[in-house]
Amino acid sequence: MSFHKNKVFFTISTATLLSLSAITGCGTTTTTTPNTSPVVNSTNQTLNIGLSADPPTLDPAYSSALVDRQVMFNLYNTLFKLSTQNTIVPDLVKSFTVSQNGLTYTLQLHQHVTFQDGTPFNAAAVKFNLTRDMQPASARHSSLSDISSVTTPSEYTVVIQLQKPLSPLPAILAGRAGMMVSPTAVQKEGANYPNDPVGTGPFEFKSRVKGASIQLVRNPHYWRAEPKLEAVTYQIFTDPNVELTNLQSGAVQIVDTVPPQEVSTMEQNSNFTVVNHTGLGYEGIYLNMQQGPFTNPYLRQAVNLAINRQTLVNVALKGVATAAYSPFSSASPVYNQQQDTPPTPNAVKIKQLLAEGGKPQGFQFTLQSPNDPITTQVDQIMQSMLAQYGINMKIEQLDFGTLLANNEAHSFQASFLGWSGRLDPDQDVYSFFYSNGSFNASEFSNVQADQLLNQAREETSMAQRAKTYAAFVHILHQQVPYVFLYHQNNVFAYANTLQGFHYYSDGVIRAYSLSLS
């Protein structure tokens, strides 16, 4: 998840839920083996991928943007991984067991795996990574906060001891917390590590031109069969219309977003394939609860009720999204239709809230927002909606990196940033709304909300977790640390010369299986 400018992901099937239940059950054992099927090692194949923003970092410990993951998932393997069937399965982990009380995970690792710098991947490397990610400075520390110790009883065995049961742990280790970086490279490079990242993935880092491109090349020592592509070049386009034009001209072969108004046209073009799936993430606005005017709960509620989400979806997003009023979309296993259905703006109620907040004539605030044309249109529509009630919303457009930095520093009144969504609902809310969570940009702190979030982590029944999250969302509706606007679809487009594309519900393009005809 990642934070993203304007796109989200995920569909979950019944099979997914069954799989999740199995993988988190006590005493379970799951194994996997390397894919040794023959792969045609074609040469001189360079895939050009269009990205909608410049990745802020390639270090998973500090990453918070979806666009980072587009690159990192091809540089790094993870301990567990998301399958194309929307299940969580082992990756660098060969097999694992969970104790009956759910407090001890024992991981057996694949052997004979090396990092791209030639150093070995082993239990010590896993301990190094998890320990690094558990540090307060890491964006991963909230996700891993229930780990009490990581031990290495043998070269390829890792034991993770928990303070309390953590049902989403395999799903967490299928994301950035499970991406294994080379300890040697981190210790050698220090703060420069993001400029020369090293993992065990199918491609290794070659070069980067900040704001323009990133080049990866095939890892000749990959522990599975070599990828078909010789190289992957990411080209950065901050305007999705320009990104699409480059796809149509052949400068890139696949893009990570399609302007909503162009989806229908592209679907009718026989030269391209469009992938368009319901998203699991959300787009919306952080309200800074430690800075005026949003220290005032009545003013937060007034803004929350004054925005007509369905109009945003119809006009700016051309229906390539769903109006939202909670973190959980219809694709989520804890979806609650009643809670996720936005109320129709009610002028009497909004004016009442403004009066109770001491601002009967309205007030002013600044929204920091990405500078892409789609979000700009959304901003302008919201600006007009709020103005009807005397709420003057100024728009400050920023590049994505600056927007993220300000968000992390709580340096804003309101900040337009979404989340790409994850398979497990914990990863859609815990780090964002738990007191002092890694991504708690609003600085929201509520004892009852914290208790519910902890309770949901310990519960293994998804039905019970849905009830717990419903109680949590009720608090979000009352406190409004974040204005949920819409769940956007996950849309890709690629030229039909591209072969081997598989859709992953986290919205990340895996280049390993791809080739060009």
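Which residues does F121 touch, not counting residues up to four places away in sequence? In this predicted model, F121 touches L79, L92, L109, H110, V113, T114, F115, V126, Y156, M180 and T200. Contact here means heavy atoms within 4.5 Å. Residues are numbered from 1 along each chain as its sequence is written, and side-chain values use heavy atoms, with hydrogens and water left out. Local features need pLDDT of at least 70, side-chain atom pairs count only at pLDDT 80 or more, and totals for chains, interfaces and linings use all residues.

F121 belongs to the largest nonpolar core, which has 112 residues. F121 is among those with the most contacts inside this core, together with L79, I160, F433 and F472. A second, separate core has 37 residues, including A321, I350, V378 and L485. A nonpolar core is a set of buried Ala, Val, Leu, Ile, Met, Phe, Trp, Tyr and Cys residues joined through side-chain atoms within 4.5 Å. Buried means under 20% relative accessible area, exposed over 50%, and partly exposed in between (1.4 Å probe, protein chains only). In soluble globular proteins, nonpolar side chains tend to be buried together.

L386 is found in helix α12, residues 373-387. Helices (H or I, at least four residues) and strands (E, at least two) are DSSP runs, numbered from the N terminus. L386 counts as buried because its relative accessible area is 0%. L386 touches V303, A306, I307, F365, I391 and M393, with residues up to four places away in sequence not counted. L386 and N308 are 78 residues apart in sequence, and their C-alpha atoms are 9.8 Å apart in space.

A331 is found in the loop between β16 (321-323) and α10 (337-340). At 10% relative accessibility, A331 is also counted as buried. A331 and L280 are 51 residues apart in sequence and 5.7 Å apart in space, C-alpha to C-alpha.

On a 1 Å grid over the protein atoms alone, a cavity is a set of points where a 1.4 Å probe fits but cannot get out; a pocket is an open set with protein on both sides within 12 Å along at least five of seven lines; lining residues have an atom within 4 Å of a point. Grid points are joined across faces, edges and corners, and a volume is the space filled by probe spheres set on the points.

The largest cavity has a volume of about 160 Å³. It is lined by 16 residues, and R140, S143, W419, R422 and Q427 are the closest to its centre. Helix α14 (residues 426-433) gives the largest share of this lining, 5 residues. By class, the lining divides into 7 nonpolar, 4 polar and 5 charged residues. Ala, Val, Leu, Ile, Met, Phe, Trp, Tyr, Cys and Pro count as nonpolar, Asp, Glu, Lys and Arg as charged, and the others, Gly among them, as polar.

Q427 lies in helix α14. At 13% relative accessibility, Q427 counts as buried. Q427 touches A171, I172, W419, R422 and F432, again not counting residues up to four places away in sequence.

The second largest cavity has a volume of about 110 Å³. Of its 13 lining residues, L82, A171, A174, R422 and D506 are the closest to its centre. This lining has 7 nonpolar, 2 polar and 4 charged residues. The second largest pocket holds about 210 Å³ of space. Its lining has 15 residues, of which H410, N436, G437, N440 and E443 lie nearest its centre. They divide into 4 nonpolar, 9 polar and 2 charged residues.

Some backbone geometry was also noted. Most residues other than glycine have a negative phi, and most peptide bonds are trans. The peptide bond from G292 to P293 is cis, with omega near 5 degrees. P293 lies in the loop between β15 (283-287) and α8 (297-306). Phi of N86 is near 65 degrees, a positive value. N86 is found in the loop between β4 (80-82) and β5 (88-90) and counts as buried at 7% relative accessibility. Phi of H112 is likewise positive, near 65 degrees. H112 is found in the loop between β7 (104-109) and α3 (123-133) and is exposed, with a relative accessible area of 72%.
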